[in-house]
Amino acid sequence: MKAVSEKPVLVTGGAGFIGSNLADRLASQGRKVRIFDALSRAGVEQNLEWLTQRHGDLIEIEIADLRDEQRLRSAIRGSDGIFHFAAQVAVTTSMTDPVLDFEVNVASTFRLLEAVRELTPQAPVIFASTNKVYGDLEDVTFQTTDRGCRPASAELARNGVSESQPLDFHTPYGCSKGAADQYVLDYARSYGVKAAVLRMSCIYGQRQLGTEDQGWVAHFLIRALNGETITLFGDGEQVRDVCDVADTCDAYLAVFDNIDAISGRAFNWGGGPDNAISLLSLLEEIGTITGHMPKIEFAASRPGDQRWFVADTSAADRALGLAPRKPWQQGVRDLAHWLMENRNLTQGERVDAARQVATL
Ligand SMILES: NC(=O)c1ccc[n+]([C@@H]2O[C@H](COP(=O)([O-])OP(=O)(O)OC[C@H]3O[C@@H](n4cnc5c(N)ncnc54)[C@H](O)[C@@H]3O)[C@@H](O)[C@H]2O)c1
């Protein structure tokens, strides 16, 4: 771990799911954390209250929009490093408002990099990218098995998708995150900015206020615990590798601590093949946790919804010396517990503990 600096670490999107978990970990190391967030995600102000209660003056809060260049520049000035999480996060919103998606995800990331180059050239920039930069893996043949969609290639199914997979941006969100990912890497190459990228699969865990548009593991649990119907877009056989947010914070902190050795690199990040699950398997697991299968209905599949994506995280594991991930069944159970204990956070929806949860 780096010696703790007097300068704050900037976490854009620090009120959000991954950002607030990381801010908590940084402050727990005694670091000052400057959070920059527009509170665009409903309910995230409660994550800020939690952080302030836990860490007091170590948490500095800037409520501002990434598109406000002056506010962004002043937040960057004097910072010890930047974790860039704030984003337009939903594929669905990117389809209906591609201009917003571009301005928040591409133009603001570009301005952030320019400000770092000018104001804090030694501060590492760590960017939260996405597996969507690899598109729908159209060169891969898939088959449906009793555990959901799988690639026909046993090797690919065993290892997952590595960083050698060609980039193939689909949907405005895929394009905007992919363009930002490439700008971040190029600022390391062209200008010597210390920068690295994690291309994440599906992250879940405490403080995730999942909705139908983003954060499906928490969204399924919230609706199931509330006794509400879950809409499955597509056949539910889609497979993703899911990763607990605590493991994900370990990865981000390791990137920060090892930035001199890994600057300029992008790593695929997620739960990996051991934590690859179909949507239907998650619903079955939720059924086991709560004692009854959630109510579901089917709807047409959505643009940009990959049939299968599982990250090969071996490059990250090797470069960052990371421990194996928490098994997904345990993680989902932990999240169910957390949602039960914090039901006031899930946008006012009521969870009747006695009625819904049989075997937590
Ligand atoms: N959660 C995942 O599974 C996942 C997977 C791949 C990539 N990502 C990326 O990780 C990052 C964090 O995702 P998350 O799941 O924590 O999402 P989140 O929505 O919980 O957090 C994003 C935060 O950014 C803030 N924000 C949004 N637009 C903003 C703007 N214009 N200016 C300032 N703040 C703004 C929101 O208020 C929110 O607090 C995002 O960049 C997302 O694209 C997440």
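1. Seven strands make up an open sheet, in the order β3-β2-β1-β4-β5-β8-β12, and their pairing is parallel; two strands are said to pair if DSSP finds at least two bridges between them. The edge strands are β3 (59-63) and β12 (266-269), each of which pairs on one side only. On average, neighbouring strands of this sheet are turned by 20° against each other, direction ignored; angles run from 0 to 180 degrees between N-to-C directions, and axes are lines fitted to C-alpha atoms, for helices over the stretch in contact. As background, the strands of a sheet pair through backbone hydrogen bonds, either parallel or antiparallel.

2. A word on reading these points: the model is predicted, so local features need pLDDT of at least 70 and side-chain atom pairs count only at pLDDT 80 or more, while totals for chains, interfaces and linings use all residues. Residues are numbered from 1 along each chain as its sequence is written. Helices (H or I, at least four residues) and strands (E, at least two) are DSSP runs, numbered from the N terminus.

3. Strand β4 deserves a careful look. Strand β1 (residues 9-12) pairs with β4 in the parallel sense over four bridges, and Leu10 stands opposite Ile82 in β4. Three bridges join β4 to β5, and these two strands also run parallel, with Phe83 opposite Ile126 in β5. A residue is called buried if 20 or more other C-beta atoms lie within 10 Å of its own, exposed if 12 or fewer, and partly exposed in between, with C-beta atoms placed from the backbone. In a regular strand the side chains alternate between the two faces of the sheet.

4. Met200 has Trp269 in β12 as its bridge partner. Helix α9 (residues 245-257) lies across β4 (81-84), β5, β8 and β12, running at about 160° to β8.

5. The largest nonpolar core has 96 residues, and those with the most contacts inside it are Val125, Val217, Leu221 and Val255. Such a core is a set of buried Ala, Val, Leu, Ile, Met, Phe, Trp, Tyr and Cys residues joined through C-beta atoms within 7 Å. Helix α8 (residues 216-225) gives the most to this core, with eight residues. Val255 touches Ile126, Ala196, Leu198, Ile262 and Leu320, not counting residues up to four places away in sequence; here two residues are in contact if their C-beta atoms, placed from the backbone, lie within 7 Å.

6. Val217 is found in helix α8, and Val217 is classed as buried because 25 other C-beta atoms lie within 10 Å. Not counting residues up to four places away in sequence, Val217 touches Cys202, Tyr204, Gly210, Val242, Leu282, Val332 and Leu335. By way of contrast, Val217 and Asn159 are 58 residues apart in sequence and 23 Å apart in space, C-alpha to C-alpha.

7. The ligand is surrounded by 28 residues, the closest being Gly13, Gly16, Ala38, Ala87 and Ala128; a residue counts as near a molecule or strand if its C-beta atom, placed from the backbone, lies within 6 Å of it. The elements that give two or more residues to this shell are α1 (17-28), β5 (125-130) and β9 (202-204), and α1 gives the most, with three residues. The shell divides into 16 nonpolar, seven polar and five charged residues, where Ala, Val, Leu, Ile, Met, Phe, Trp, Tyr, Cys and Pro count as nonpolar, Asp, Glu, Lys and Arg as charged, and the others, Gly among them, as polar.

8. Thr92 lies in helix α4 (residues 91-96) and is partly exposed, because 17 other C-beta atoms lie within 10 Å. Leaving aside neighbours within four places in sequence, Thr92 is in contact with Asp213 and Arg302. The C-alpha atoms of Thr92 and Gly304, which are 212 residues apart along the chain, are separated by 9.1 Å.

9. Leu39, in the loop between β2 (33-37) and α2 (45-55), has a phi near 55°, a positive value in a residue other than glycine. Leu137, in the loop between β5 and β6 (142-145), likewise has a phi near 55°. Leu39 is partly exposed, with 16 other C-beta atoms within 10 Å, and Leu137 is partly exposed, with 19.
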